[in-house]
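Please look over the sequence and the model before reading on.

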Amino acid sequence: MLRSIAVALSDGLDARVDRLALPFNEYGVDPYGISRKHVRDALRVFALIYRYYFRVKCHGIQHIPAKGRGMLVGNHSGGVAVDGAMVLTSTMLEMDPPRLAQGMVERFLHKFPVSSLWASRTGQFTGLPEHARRLLEDDRLLMIFPEGARGTAKLFPDRYSLVDFGTGFIRLALQTRSPIIPFAFLGGGSAIPTVFNAYALGKLLGVPYVPLTPYLLPVPLPVQLEIHYGEPLVFHGTGDEEDHVIEGYVAKVKERIAGLIERGRAERQHRGLSRKLLP
Amino acid sequence: MRVLIPGISGGIARKLALRLKHAGHEVAGVDVRPWETAREAGIEVFRGDVRKRAAEDVFRRWRPEAVVHMATVTAFTVPGAERGRINLDGTKAVFDHCATHGVKQLLFVGRHTFYGAAPDSPLYHSEDEPPRALEAIPELADLVASDLYAATALWRMPSLTTAVLRLPYTLGEPGTGTLATFLKGRRVPLVLGFDPLFHVLQEEDVVTALHLALEKQLRGIFNVAGPPPIPLSVIVRETGRTVVPLPAPVLSFLMGRAGLPRLSTGALDHLRYPIVVDNRRFLEATGFEYKHSVADTLRIYREAAPVPVSSGVL
């Protein structure tokens with residue numbers, strides 16, 4: 001019985017991967033090296049985690065364009081990349097047709113064996129302007145966390161705060177005329193309740209830091225997570241605007257994300273779910 | 001047009017010479033290596049080193065209008081200081097002769113490895129990027145330096161129409177070149193946990209690209225590529241070989257031993273990180289279209305260089 005459910009589930013996931021509008025060649029690889037097989041394998045694992053471990057609730061998925069370029073811009077939540085993985089899974093599972101969100105990831109990820117391979121094959125590239133521009137020009141869906149590594153370094157008490165945003169994503173959105181779809185990711189800070197970031201240990205391991213939890217290792221707890229997508233923001237300009245203009249646009253995006261976080265938390269409390277570890 | 005090809009005895013250079021001859025050009029070459037059957041095809045090969053006086057005499061007497069400089073070597077084929085002499089001094093000599101003897105057009109055939117393989121570099125490299133290969137792979141320094149030297153001709157020698165072409169790995173028959181040599185054995189090592197994208201271009205398509213660059217009288221720096229890149233593991237499998245994933249330190253120790261191909265230390269990065277090039281500038285300038293898909297290219301190589309019966313310990 002369980003086996004037949006698992007087979008049915010994976011069949012559905014495989015069909016979703018097959019429906020991706022990516023130009024896979026005869027070897028199932030697209031021009032960026034994204035591999036149908038690797039995306040399929042990753043989705044099988046992520047879908048189980050998404051549905052049964054984190055029981056992710058996704059709201060506002062209709063705000064993501066069904067095709068064409070777009071930037072998913074949201075808050076970091078959780079000491080490791082649970083947020084990125086679940087956002088990626090949400091666009092694969094909740095959209096019809098599914099889309100692959102391509103994250104702009106930290107540089108260290110591509111230095112290590114296995115992580116480099118899987119990141120590349122699932123379309124998660126180093127956060128370089130060259131990558132972002134090219135992917136947007138190719139009408140891909142980008143996933144950006146403008147808080148960067150400082151965002152994932154938030155400690156438990158600060159889990160719903162936003163640290164400073166970078167400004168490069170706005171210039172890129174203007175240059176490529178891409179809509180920004182803001183999103184709020186709720187619950188990552190409770191799933192990985194970071195009490196201390198070990199920067200020295202991180203340096204030793206070649207990563208920015210190692211988040212430590214009350215139970216030491218940053219293994220995520222089975223907290224229910226939520227993703228709230230907001231209406232697209234479209235800014236007009238060339239990307240050559242003065243810094244204060246760009247900073248104004250950044251503030252608008254940040255404000256929108258903060259609003260989505262607050263609304264998500266309020267709705268959650270209203271539903272009486274506050275005892276389930278989240279807010 | 002009278003076309004002189006330094007390095008004419010190489011696999012691709014021969015094919016280019018024959019293609020140009022067939023297209024009605026007069027073709028000659030300079031090489032230290034012989035090409036016994038060249039005369040039968042109506043192609044004159046002057047035996048000698050491009051750095052020596054005899055080569056200058058060829059420029060003086062034969063009076064080429066165009067030169068395709070293919071007399072460069074990779075770290076994989078020639079070790080040490082000799083490589084620097086061939087790549088750097090040879091390139092300088094070719095440009096000097098072109099300037100002295102009124103050559104109108106020059107194609108410098110460079111490599112896409114110019115950009116280097118690094119975990120934090122962009123996946124698609126454009127022509128405007130600096131040579132990161134210098135930082136990571138000192139064995140490529142002389143090739144990179146000759147590429148840069150060739151590029152300086154764009155402003156140093158304005159009367160010479162210079163094009164610097166950066167070509168990807170080529171595969172074909174009889175299977176010469178860096179990648180072909182790397183794939184020769186039954187088992188091909190990969191770095192465990194990595195599988196970089198590789199550009200491969202079939203040799204006939206390389207010849208087409210060079211021919212087009214010559215006919216269109218390209219000026220500038222251009223990346224040349226064919227089909228979209230594919231993972232190295234696919235190349236290995238589709239050429240009938242077996243992938244042997246090894247941890248990087250083990251692979252570094254075993255290179256050149258136990259039947260594994262010899263690679264320079266820095267070249268190990270090429271087995272970890274991709275070097276993929278953006279060829280849009282070349283496509284716009286020439287209208288180049290590749291004829292051979294990746295599958296075709298790999299099949300042709302597999303048939304031309306079948307898997308050897310046994311190869312060392314592995």
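## Basis of the model

The model is predicted, with local features needing pLDDT of at least 70 and side-chain atom pairs counting only at pLDDT 80 or more, while totals for chains, interfaces and linings use all residues. Residues are numbered from 1 along each chain as its sequence is written, chains are lettered from A and ligands numbered from 1 in the order in which they are written, and side-chain values use heavy atoms, with hydrogens and water left out.

## Nonpolar cores

A nonpolar core is a set of buried Ala, Val, Leu, Ile, Met, Phe, Trp, Tyr and Cys residues joined through side-chain atoms within 4.5 Å; buried means under 20% relative accessible area, exposed over 50% and partly exposed in between, with a 1.4 Å probe and protein chains only. The largest such core has 71 residues, and those with the most contacts inside it are Met71(A), Met86(A), Phe169(A), Ile170(A), Ile180(A) and Val253(A). A second, separate core has 42 residues, including Val144(B), Ala225(B), Ile230(B) and Val244(B).

Contact means heavy atoms within 4.5 Å. Not counting residues up to four places away in sequence, Val253(A) touches Val73(A), Phe165(A), Phe169(A), Ile170(A), Ile180(A), Leu233(A) and Phe235(A).

## Helix contacts in chain A

Helices (H or I, at least four residues) and strands (E, at least two) are DSSP runs, numbered from the N terminus. Axes are lines fitted to C-alpha atoms, for helices over the stretch in contact, and angles run from 0 to 180 degrees between N-to-C directions. In chain A, the axes of helix H7 (residues 168–176) and helix H10 (residues 243–270) come within 9 Å and cross at roughly 100 degrees. H7(A) is therefore roughly perpendicular to H10(A), a term for angles of 65 to 115 degrees, whereas angles under 35 count as roughly parallel, over 145 as roughly antiparallel and the rest as oblique. Phe169(A), Ile170(A), Arg171(A) and Leu174(A) of H7(A) meet Asp243(A), Ile246(A), Tyr249(A), Val250(A) and Val253(A) of H10(A).

The axes of helix H2 (residues 36–53) and helix H3 (residues 82–93) of chain A also come within 9 Å, crossing at roughly 100 degrees. H2(A) is thus roughly perpendicular to H3(A). Residues making this contact include Leu43(A) and Phe46(A) of H2(A) and Met86(A) and Leu93(A) of H3(A).

## Interface between the chains

Chain A contributes 24 residues to the contact and chain B contributes 25 residues. Buried area is the accessible area (1.4 Å probe) that two parts lose on being put together, summed over both. Between chain A and chain B this area is about 1800 Å², with carbon and sulfur atoms giving 59%. Tyr27(A), Pro31(A) and Arg134(A) supply 32% of the area that chain A buries against chain B, more than any other three residues.

## Selected parts of chain B

Helix H2 (residues 53–62) of chain B has the buried residues Ala55(B), Glu56(B), Asp57(B), Val58(B), Phe59(B) and Trp62(B). Their cover includes strand E1 (2–6) and helix H3 (80–100) of chain B. Just after H2(B), Arg63(B) takes a positive phi of about 50 degrees.

Lys15(B) lies in helix H1 (residues 11–22) of chain B and is buried, with a relative accessible area of 18%. Phe282(B), in helix H10 (residues 280–286) of chain B, is buried at 0% relative accessibility. Phe282(B) and Ile221(B) are 61 residues apart in sequence and 8.7 Å apart in space, C-alpha to C-alpha.
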